[in-house]
Amino acid sequence: MKSQIFWLLLWLALPLWGQNDFYKNHSFTQADTLRGKLLPERSCYDVHYYQLNIRVNPDEKFLQGQVAIHFTAERDFERLQIDLYREMTIAAISFEDQALDYERRANAVLVNMPRLLLSGEQAVLHITYGGKPQSAVDPPWQEGFVWSEDGRGRPWVGVACEGAGASLWWPCKDHLSDEPDSCQVQVSVPEGLMAVSNGNLQSVDTLGNGYVRYDWRVSYPINNYNITLNIAPYVQFSDHYQMGNGESLALDYYVLPNNLARARRHFRQIPKVLEAFEYYFGPYPFPRDGFAMVDAPFLGMEHQGAIAYGNDYQRGYLGYMALDHMDWDYVIVHETAHEYFGNSISCKDLGEMWIHESFATYMEALFVEYEYGYKDAIDFMESYRYRPYIHNEEPILGPLDVNWENWEHNDHYYKGAWMLHSLRHSLQNDEMWFGMLRALHDHFCLQTIHGQDIINFVNDFTGKDFNKFFEQYLRYPDLPRFAYRLSFTPKGWDLHYRWENVIDGFSMPLLVGDRHHYEAIQPTKEWQTMRLPYLRGAFGFKIATELFLIDTRREY
């Protein structure tokens, strides 16, 4: 009977897709909802500390260990949900030294507590488990463990699980809205290898059984997919960055031995990247835990304070640079940007991953502006436009409450960055824009948020209503289209214009003119007319498509 009631509640809890009509005909499963929604068995408790103690056998591609989940009851309850992929086997779950009953539903584990837990009560759940975790097919996009080798055939292991979730390798409450305040990661690996995780290394203990245990501690909130482990015969070197507030930030680098010389040269650019982002957003968000980069057997991942780096010490993206005169590393810049958006400020739902990726991608352009100037930043943004990266085939905003990661395209990266670029030029006030960026991070630092929280902040800071602006760009695949025609009169050229393909209430100024200057107009869905006395011919007319993400249509 309890099982029937559970599935009835689950069915009633399935998301209502009227919030975004694009997904109304998509079929989501009960497993999708178990994974992505805060059902009562999840919302009943709040995790404040994870303690992982894991042994990894690279030869067998096997791991086993224990995880302690420290939590506070948010209300009275007798059943809770944790998450762990089916590939991993649970040996035991215990609470107050009692073995607990549980049942699996897809990758969810529903645990029956031995008594009623009362609201406000603090408790610890212990899970013993093991198995061969999901292997990554194409990391970091198709996720899982990466079992690789260095040039001498020694194990080189990493993990990437942003969309799939941390529960592919350790049991947790795998929902982005619930970050622990801190965590401990103890990793035992065969002698001769080093395990690198997040935060600060507390101790290294030789266990006497052919394994060495590395004890890492994180002292800040961290989202589950950022908790990581890296295993290889690493060598380490260190540096520091003097922050604007006078604090010295520790910089640690863990690299394969044959990469040491290249890494020492290549990572010299990192202080400049930190300086640029400090200029725009304030000090590095995790100073106690320091900043680190770790050689990884895949391209990269924003693991908090232990960034996975795999761009092979090349400029640009695997050697490609959008603007030839520049010399910097996309992966370093992008993943460092995530320390602010993605790690410090985190979304509450995977469908709102634009909070991470749109900002981090736009921050690449901000780095260019800081290092090279505004014109190069505009040219850099144009490289996003003309490379085949913006598809306009699905909304930037994904469906909520299902942990749906099946985006076919990257519009939450590049289109989202262009949305922010357009917002900047909509304000026509860079002092306000940059002041807002700094205030935004200050306000939401070390928090999980919804996209509407950002929109409300923008509205409050600017004193303008940008709800329809964000709704247009986030919820609908098609771009606003600027329709226009030019007509010649004895007194000069007239411009007739309006918005097409926009929602009711959409409002965004636009800049038009000729190659000498622009002037601002405020299109609506109705035709308007203005005189362009300076225009010498129809072919000289320009629309500021380098500043606004729009389509255009000229009528003749």
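Let me begin with a term: partly exposed means a relative accessible area between the buried range, under 20%, and the exposed range, over 50%. Keep that in mind. One more thing before we start: this is a predicted model.

First topic, salt bridges. Side chains of opposite charge can pair when their charged atoms come close. How many salt bridges does the count come to? It comes to 27.

Pair one is Arg115 with Glu96. Their side chains meet in a salt bridge, at 2.9 Å from N to O. Where do they sit? Arg115 is in strand 7, residues 108-117. Glu96 is in the loop between strand 4 (88-95) and strand 5 (98-99). So the pair ties together parts that are 19 residues apart in sequence. Now use our term. Glu96 has 44% relative accessibility, so Glu96 counts as partly exposed. Arg115, at 29%, counts as partly exposed too.

Pair two is Glu369 with Arg424. The closest N and O atoms of this salt bridge are 2.8 Å apart. Glu369 belongs to helix 7, residues 354-372, and Arg424 to helix 9, residues 414-427. This pair therefore ties together parts 55 residues apart in sequence. Buried or exposed? Glu369 is buried, with a relative accessible area of 15%. Arg424 is buried as well, at 2%.

Asp494 lies in strand 24 (residues 492-500), and Arg531 lies in strand 27 (residues 528-532). That ties together parts 37 residues apart in sequence. Asp494 is buried, with a relative accessible area of 9%, whereas Arg531 is partly exposed at 35%.

Now the network. Which residues does it join? Salt bridges with shared partners link Arg481, Arg485, Arg498, Glu500, Arg553 and Glu555 into one network.

Second topic, helix packing. Two packed helices are described by the angle between their axes and the distance between the axes. Helix 9 packs with helix 12, residues 467-475, at an angle of about 160 degrees. Their axes are 10 Å apart. Angles over 145 degrees count as roughly antiparallel, so helix 9 is roughly antiparallel to helix 12. The crossing is right-handed.

What makes the contact? Helix 9 brings Lys415, Met419, Ser422, Leu423 and Ser426. Helix 12 brings Phe469, Phe470, Tyr473 and Leu474. By class, the contact has six nonpolar, two polar and one charged residues.

Notes. Residues numbered from 1 in each chain as written. Predicted model: local features only at pLDDT ≥ 70, side-chain atom pairs only at ≥ 80, totals over all residues. Heavy atoms only, no water. Salt bridge = Lys/Arg side-chain N within 4 Å of Asp/Glu carboxyl O. Helix = DSSP H or I, 4+ residues; strand = E, 2+ residues; numbered from the N terminus. Buried < 20%, exposed > 50% of the residue type's maximum accessible area, 1.4 Å probe, protein only. Axes fitted to C-alpha atoms, helices over the stretch in contact; angles between N-to-C directions. Parallel < 35°, antiparallel > 145°, perpendicular 65-115°, else oblique. Left-handed = near helix turned anticlockwise from the far one by under 90°. Contact = heavy atoms within 4.5 Å. Nonpolar A, V, L, I, M, F, W, Y, C, P; charged D, E, K, R; others polar.
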